[in-house]
Amino acid sequence: MQVDTLRFGTVEVNEEKLINFGDGIPGLEQYQQYALLQFEESYPIVWLQSMEDKGICLPVLDTFNVLPDYVFDIDETDVKDLELTSPEELHVVSVVVIPEDIQGMTVNLAAPIIINTKSGSAKQIVLSGSEFNVRAPVFQQICKVVAREEGDDDAGSVEETE
């Protein structure tokens, strides 16, 4: 299906891949249907685009791809709400804040978005008692992912000057 977006113009979205937030996203409760849009130019950042308001589009990243040591427990209530039956159905993304100086980019690790890839149901959960930061620096880790994909292990590393 064709979808008009404010940021990307008209894009093609597979209806079978739509994501449904039953209670919405905190702060955006009235919008419940989204799609993940991926563009080579912004990889590994993807875009959580509202299907109900073309102006709502959140930058997110596949948290485990960028931060492989990121680990947390999902509350049993959330597992039931999302109807998760196996780890293979689980996709976790986290919201990214991209300031004017992209080196100051941060990611919200304290409130990941959990997506059931089988059913399309999703929920942003707040990790109670979490040691994770809502504004964790992520620029260097993203540079490493890009370098790994391009086969350049030194890309994104910061040289120290004396």
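Q: Which residue forms a salt bridge with aspartate 81, and how far apart are the closest N and O atoms?

A: Side chains of opposite charge can pair when their charged atoms come close. In this predicted model, the partner of aspartate 81 is lysine 123, with the closest N and O atoms 2.8 Å apart. Lysine 123 belongs to strand E10 and aspartate 81 to helix H2, so this pair ties together parts that are 42 residues apart in sequence.

Q: How many salt bridges does the count come to?

A: The count comes to two.

Q: Is aspartate 78 buried or exposed?

A: A residue counts as buried when its relative accessible area is under 20%. Aspartate 78 has 10% and is therefore buried. Lysine 123, at 22%, counts as partly exposed, and aspartate 81 is partly exposed as well, with 45%.

Q: Which strands are joined to E6 by bridges?

A: In a regular strand the side chains alternate between the two faces of the sheet. Here, strand E5 (residues 45-50) runs antiparallel to E6 and is joined to it by five bridges. Isoleucine 45, for instance, has leucine 61 of E6 as its bridge partner. E5 and E6 form a hairpin, with six residues between them. Strand E7 (residues 90-97) is also antiparallel to E6, and three bridges join the two. One of the pairings is that of valine 60 with valine 95 in E7.

Q: Where does asparagine 108 lie, and what does its side chain reach?

A: A loop residue may be read through its burial and its contacts. Asparagine 108 lies in the loop between strand E8 (106-107) and strand E9 (113-116), and is buried, with a relative accessible area of 15%. Its side chain reaches the backbone nitrogen of alanine 110 at 3.0 Å. The backbone nitrogen of alanine 111 lies 3.1 Å from a polar atom of the asparagine 108 side chain. Leaving aside residues up to four places away in sequence, asparagine 108 touches Ser94, Val95, Gln124, Asn133 and Val134.

Definitions and conventions: Residues are numbered from 1 along each chain as its sequence is written. This is a predicted model: local features need pLDDT of at least 70, side-chain atom pairs count only at pLDDT 80 or more; totals for chains, interfaces and linings use all residues. Side-chain values use heavy atoms; hydrogens and water are left out. Two strands pair if DSSP finds at least two bridges between them. Helices (H or I, at least four residues) and strands (E, at least two) are DSSP runs, numbered from the N terminus. Buried means under 20% relative accessible area, exposed over 50%, partly exposed in between (1.4 Å probe, protein chains only). A polar contact is a pair of N or O atoms within 3.5 Å; within protein, one must be able to donate a hydrogen and the other to accept it, and residues adjacent in sequence count only if both atoms are side-chain atoms. Contact means heavy atoms within 4.5 Å. A salt bridge is a side-chain nitrogen of Lys or Arg within 4 Å of a carboxyl oxygen of Asp or Glu.
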